[in-house]
Amino acid sequence: MVNLNLYGDISPQNPLKIAPHLSQGLDYPKVHPSSVTTSDREDGIKFPTYGLETLGIHNVSWVYRNLPVAELVEHAVRRGEGILADNGALVVETGKYTGRSPNDRYIVDEPTTRHEIDWNHHNVAISERQFEQLYQRVLSYVQGRELYIFDGYVGADRNYRHGVRVINELASQNLFVHQLFLRPSPEELANHQADFTVIAVPGLHGDPEIDGLRSEAFIVLHLTKRLVIIGGSRYSGEMKKSVFSMMNYVIAKENVLPMHCAANIDKRAHTTLFFGLSGTGKTTLSADPDCSLIGDDEHGWSKDGIFNFEGGCYAKTIRLSQENEPQIWAALQFGTLLENVIFDPETRTPDYDDSRLTENTRAAYPLHYIPNCSLWGIGSHPKTIFLLTADAFGVLPPIAKLTKQQAMYHFLSGYTSKLAGTERDVTSPKVTFSACFGQCFFPLSPIVYARMLGERLEQHNDTQVFLLNTGWSGGSYGVGHRIPIKHTRAMVAAALNGHLEKANYHPHPIFKVLVPDHIAGVPNKILDPQNTWDDPEAYQQQALDLAHRFMENFRQFHNVPPEIAQAGPVC
């Protein structure tokens, strides 16, 4: 294991020195930190704080705003936050938290939004008093520290764009948000207004006894104040998903369907969506050399079409190969942030097969690192939609065509298996149902979002929807095997090029979805999952078990039209 803390710490007693030719970044203060000594700071030299006082932030050591990538990397390396790999990417370790910590995520329970929130084990309430207590601790913690600000945007469609400000104590986390969100032009930066604010201070640990938390980590959303505070965890994905949750609350009120999906667009201007939880293949399948990538994770569907929320990608890299994922492989270069990837200490070559830190190794990079990406971040109304699941039971067919009622049923069900490492303490595939394929990111009732999807499927009735299983075949996890990516790609291609419109289908006897009899480039045997099991009776029992789980989960939804409720499996 490589110790990344090679360069010591940066402090007022050990100020960061920066080469003069690298100090011409965007919106720099006239007095640059590299020329400021400890005595200068003690003498009270003035520097811009960019309005941090409005948040109650005072007495900080220095403030950096929208530093360019090269300088953020320099800061991170000199501060001991990370080290450069041989491909130029910055490698960091996130410590104890190598995935999202959903049990440490809270929404402030306050009168303005209380009646709107779907309070459940995903959306856990925290009182205003607790929030204010934590917030005061954050304000005290940042005093005397250097802070990094990123001012940018979420929402590629300017009609629905929102300003976001992220304040970090770590340069490497500021690099993450610089690459993941939409970057402003100099003119936009000069007039930037933040609709959402995130303050991320992983060095501050909460006290469960004093603060009423479940652990030392906390991710707290105040929807009315449009403010997020994060502490105790270095996992950068917490910032990304907190802003996503904010957007999912706000933009739904603007009649835009927020979606946890990837999107790309082909040469015929046909847009395709890939819904799915992390690890099911959204990023891999949407990064298609024959299509332009719109985005890999978060989108909105408005009256005008599809638009990306973000300006970058956050891809899993475990067992990444140049052969299977050439576009993602090419994106791992200078400016990319690699999280928890082990590399050779002599050559600095990353080993993407090494999972000793976590299965959830990650890469954050800007969208334009993907060849043939869509820099506009906007697409037409979708022609094809894939609902992705990684079925650990090995029961569901690798691809199946859905009626609109079945599409609604499976959207509300959101069945998959959480893959190892995506969330903290998940070490092997875990069967889960997550409405909207990401219920933990959606503050409102799943019925709200499902109704919006149904309206769009009715309006655009030529949109085809498929259930795509990227999980197991020939048996459940531990017995069967993962469906080969080359076969999944062939199925996706058949759906997009129109071949599946002419295919013969037969209904699955339990799940009722339509299973194609033949797809070019795919063995017929694997299309019908029962054929891949050695014991057909064992398959039948496993399929009935999963069907019962679907039915039990769906009982939580009330006032669902009967044609949707009846579109699920039968026992």
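Predicted model: local features only at pLDDT ≥ 70, side-chain atom pairs only at ≥ 80, totals over all residues.
Reader: What makes Phe47 and Trp62 a stacked aromatic pair?

Author: Their ring centres are 4.3 Å apart with 20 degrees between the planes. Centres have to lie within 6.5 Å to pair, and planes under 30 degrees apart count as stacked, so both tests are passed. The count of aromatic pairs comes to 25 by this rule.

Reader: Where in the chain do Phe47 and Trp62 lie?

Author: Phe47 is in the loop between helix H1 (38–42) and strand E1 (62–65), while Trp62 is in strand E1. They're 15 residues apart, and the pair links distant parts of the chain.

Reader: Why is Trp62 called buried?

Author: Because its relative accessible area is 1%, and buried means under 20%.

Reader: Why do Arg65 and Asp151 count as a salt bridge?

Author: Their closest N and O atoms are 2.8 Å apart, and the cut-off is 4 Å, so the pair qualifies.

Reader: Are Arg65 and Asp151 buried or exposed?

Author: Buried, because Arg65 has a relative accessible area of 10% and Asp151 has 0%, against a limit of under 20%.

Reader: What about Asp109 and Arg114: why is each called partly exposed?

Author: Asp109 is at 25% relative accessibility and Arg114 at 38%. Buried stops under 20% and exposed starts over 50%, so these values fall in between. The two residues form a salt bridge too, with the closest N and O atoms 2.5 Å apart.

Reader: What makes Lys383 and Asp462 a link between separate parts of the chain?

Author: Their side chains meet in a salt bridge, 3.3 Å from N to O. Lys383 lies in strand E20 (residues 382–389) and Asp462 in the loop between helix H11 (446–459) and strand E24 (464–469), so the bridge ties together parts 79 residues apart in sequence. Lys383 is partly exposed at 31%, and Asp462 is partly exposed at 44%.

Note on methods: Residues numbered from 1 in each chain as written. Heavy atoms only, no water. Phe/Tyr/Trp six-rings, centres within 6.5 Å; stacked < 30°, edge-to-face > 60°. Helix = DSSP H or I, 4+ residues; strand = E, 2+ residues; numbered from the N terminus. Buried < 20%, exposed > 50% of the residue type's maximum accessible area, 1.4 Å probe, protein only.
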